[in-house]
Amino acid sequence: MHVDVSQLTGGRTWSGDYTPDTEVVESLLDSTAVRPFNVALSATMVEDSIYLRVEVDGEVYARCDLCGAACKAHCGCVLDDELSLADEAYDAESNEYDLTSIIEEALAMSAPREARCSAECKGLCPRCGANLNHGHCGCAKETIYIGENNPFGAIKDLITGGAENGSTKV
Ligand SMILES: [Zn+2]
Ligand SMILES: [Zn+2]
């Protein structure tokens, strides 16, 4: 992918969408892409500097951070860079700037920060490892649930209220 520098003269902004090679994306992210990634590029030139913005949008197959189930994870990043016509990537003869390495850097940076099978994922029980999305295990009940027949059931609301306003007084 190249930007034609002659298109940037006179303060004009150049922008374009680019679909990177899926094999390149997958090797940079070490994951399988759900569909081809999109890279949105925009550039403006001030004197001999090109201000470039690279925005990556994509999705890869992943495993949920909380429960390990197969899921999809969003890949995205915005990279701003200042390019100089003194850089090696600029070719004076064709008046083009080669964006390949910057795009690859942005793609690598777009690696998912988190993967969730669903927004409501309950994860695994830290004690027994049961997947809590499939129902409560015995140990989860003991720690978080105060039942109707529990002698401390009557103070449940007081405990909850106390925790919310920061007071421990009952
Ligand atoms: Zn999950
Ligand atoms: Zn458990």
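Cys-64 is buried, having a relative accessible area of 4%, where buried stands for under 20%, exposed for over 50% and partly exposed for values in between (1.4 Å probe, protein chains only). The model is predicted, so local features need pLDDT of at least 70 and side-chain atom pairs count only at pLDDT 80 or more, while totals for chains, interfaces and linings use all residues. Residues are numbered from 1 along each chain as its sequence is written, chains are lettered from A and ligands numbered from 1 in the order in which they are written, and side-chain values use heavy atoms, with hydrogens and water left out.

**Overall fold**

- The protein contains four helices and seven strands; these are DSSP runs numbered from the N terminus, with helices (H or I) of at least four residues and strands (E) of at least two.
- Their order along the sequence is β-β-α-β-β-β-β-β-α-α-α.
- Of the 170 residues, 29% count as buried.

**Helix packing**

- Helix α1 (residues 22–29) packs against helix α2 (residues 100–109) at about 50°, with the axes 9 Å apart; axes are lines fitted to C-alpha atoms, for helices over the stretch in contact, and angles run from 0 to 180 degrees between N-to-C directions.
- Val-24, Val-25, Leu-28 and Leu-29 of α1 meet Glu-104, Leu-107 and Ala-108 of α2, contact being heavy atoms within 4.5 Å.
- The two helices, α1 and α2, are therefore oblique to each other, since angles under 35 degrees count as roughly parallel, over 145 as roughly antiparallel, 65 to 115 as roughly perpendicular and the rest as oblique.

**Residues with positive phi**

- Asp-30, a residue other than glycine, has a positive phi near 55°.
- Asp-30 lies in the loop between α1 and β3 (38–46) and is exposed, because its relative accessibility is 72%.
- Asn-95 has a positive phi near 60° and sits in the loop between β6 (90–91) and β7 (96–98).
- Asn-95 is partly exposed, at 23% relative accessibility.
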